[in-house]
Amino acid sequence: MSNATSVDEATSTRASTESPLAQSRTAGRIIAIALNAFREAVRDRVLYNLVLFVLLLTAAAVFIGELSGGQERKIIVDLGLSAMLLFGVFIAIFVGVGLVYKEIERRTIYVIFSKPVGRGEFLVGKYLGLCLTLLVNVAVMALGVSIALIYVSRGWDPLIKTIWPAVLLIYLELMILTGVALLFSSFSSPALSALLTFFVFIIGHFSADLKTLASSMGSTGARLLFGALYYLLPNLANYSFITPAAHGRGPEPGFLLAALLYAFVYIGVLLAAATLIFSKRNFK
Amino acid sequence: MMKSESTSLFGEQTRTISLSLAIVLGLILTVFLARWIDARRPPIDPAAADESLYLNGKTARRISLGFNGLAADWYWMRSLQYVGRKIMNLPDNVVLDSLEQLNLRLLPSLLDTSTTLDPQFLSPYEYAAVVLPAVDVDQAIRITKKGIEANPLAWRLYHQLGYIYWQQHEYQLAAETYGRGAQIPGAPSWMEAMKARMAAEGGSRSTAREIYSRMYEQSSDDKVKDMARRRLLQLDALDQIDGLQKMMVAFQNRFGRCPTTWKELEPVFRTMRLPLGEDGAPLDPSGTPYIFGKTHCDVQVSSKSEIPVK
């Protein structure tokens, strides 16, 4: 089923219910696009990476004990959450950059925009669809890590409680990265978008160095440039809580809340920028 | 029409079978070829195994992109493999804390990198405290102190640093270290007792017994536990040897010569209710018979015993 059909259904349902609220209509259209993007990801076998993840974790749970000198619990958390982040980054980048491009290539975007669907609604719907895919992916993986911990500890393990805040932070990082991928794909080719998003992922983890560079530079221009880059690029290092989680330490509630707010604000900015650029493109 | 359909079906089946056969045969062939190549590959240069690490800890941490915990685990397991590979060729009764004969040149860098990548990872510090003093005591102290700096509330690290000082016969430093560790909230009361014992009788056997008992209790690493267990057995054996030595001296005083066989001492051993082997030799705490020294006037732990000689 294409997006066009799905949106068609959504608009016809909307027409039949004749909701007076424009907002709920917008929400309906976004949800229709999001669910369709999710279904498309499932159809494209994106979630097959879970099989690989389960195999990796099972092998680790069974064999790592002999290699780790009694540190299998820590290694399972490190391995599980790192794999979650890595697989998630690949999905966010490679599926994210194709979200808009595929619709353009198949020319279905013309059908979608011939209906009362806004550019912003389309982008937000696509974005939420991929976020839903990532949510399912991350949740299943976190469950897998918890089960592996239960297996190696032969019962309840206190680490199970501490990994979930780290999982939430990983998910937020993936949401930001998906937003970045969507922004680049709104004006660039998939290959270039993937490359640029990957650079943002790397630089996002070097934020502390950018700040140090900014403060240590002699020239005012360079100081301003690196300072601007530090605040402009997402600070993804704030979402790295894998290592503390493996030691049974979670983030403070205040930190978690701030990270949540930062992610939502940053994603809002990314989607607004993507919509702004996308709305300038001619699909008539 | 029917004929052409059955012909095409037959062709498809033939193709499937031949392709499946090609896959199976190809895989079998690759196994044979891999074995052939392995048999003819020149031996690995031993120096290559000790090649310096390309990255230091700080660089590795910087480029780890949030995967620093996993990278630390990798360096940790690499440290274990590195020691494990070298230890394989040694006799069974060599323990983890006396590996000075091995050229463990890379071990300090591996442990340092692991702890720089994940400063809260305590196992590499413990390993450094146990294995490194025999290789490079300065590095062992430096890495353990680094651990204390990164984990000021981990009293176990003070125990490990105190252990290094104790091994170096620096009893005053050891006492101070145990004293500082004892002040940490949650530190067990024996840390304070250890401080006093180090200051008063640092070189005694009872202090050694206390240290290894605590190490055995506290460690989560099976290899370290095994080392502590064997050191405790060694201390028991030293006590037994002292007793046996006295019996030898008594025998010598009575007969004017050293015993030639264990049978001559068997009645005494039986009176003392010592466990004996088939030839009447007393058994050490691991259950292996003791042996005579060169002159038959002294007793030694057998090289077959799991109790370390050194």
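B:Gly293 is partly exposed, because 13 other C-beta atoms lie within 10 Å; a residue counts as buried with 20 or more other C-beta atoms within 10 Å of its own, as exposed with 12 or fewer, and as partly exposed in between, the C-beta atoms being placed from the backbone. The model is predicted: local features need pLDDT of at least 70, side-chain atom pairs count only at pLDDT 80 or more, and totals for chains, interfaces and linings use all residues. Residues are numbered from 1 along each chain as its sequence is written, and chains are lettered from A and ligands numbered from 1 in the order in which they are written.

In chain B, the loop between β1 (291–292) and β2 (299–300) contains B:Gly293. Helices (H or I, at least four residues) and strands (E, at least two) are DSSP runs, numbered from the N terminus. When neighbours within four places in sequence are left aside, the contacts of B:Gly293 are B:Asp298, B:Val299 and B:Gln300, a contact being a pair of residues whose C-beta atoms, placed from the backbone, lie within 7 Å. B:Gly243 is 50 residues from B:Gly293 along the chain, and the two C-alpha atoms are 15 Å apart.

Chain B comprises domain 1 (53–228) and domain 2 (229–300), with bounds from an automatic or database domain assignment. Taken over C-alpha atoms, the centres of these two domains of chain B are separated by 35 Å. Eleven residues from domain 1 of chain B and six residues from domain 2 of chain B take part in the contact. On the side of domain 1 that touches domain 2 in chain B, α11 (205–218) and α12 (222–255) each supply at least two residues. The largest share of that side, six residues, is from α11(B). Its composition by class is six nonpolar, one polar and four charged residues, where Ala, Val, Leu, Ile, Met, Phe, Trp, Tyr, Cys and Pro count as nonpolar, Asp, Glu, Lys and Arg as charged, and the others, Gly among them, as polar.

Between the chains, the contact involves 17 residues from chain B and 19 residues from chain A. On the chain B side, α4 (68–87) and α12 each supply at least two residues, and α4(B) gives the most, with seven residues. The residues of chain B on this side are six nonpolar, six polar and five charged.

In chain A, helix α5 (residues 98–105) has A:Gly98, A:Leu99, A:Val100 and A:Glu103 as its buried residues. Just after α5(A), a positive phi of about 65° is found at A:Arg107.

Conventions:
Contact = placed C-beta atoms within 7 Å.
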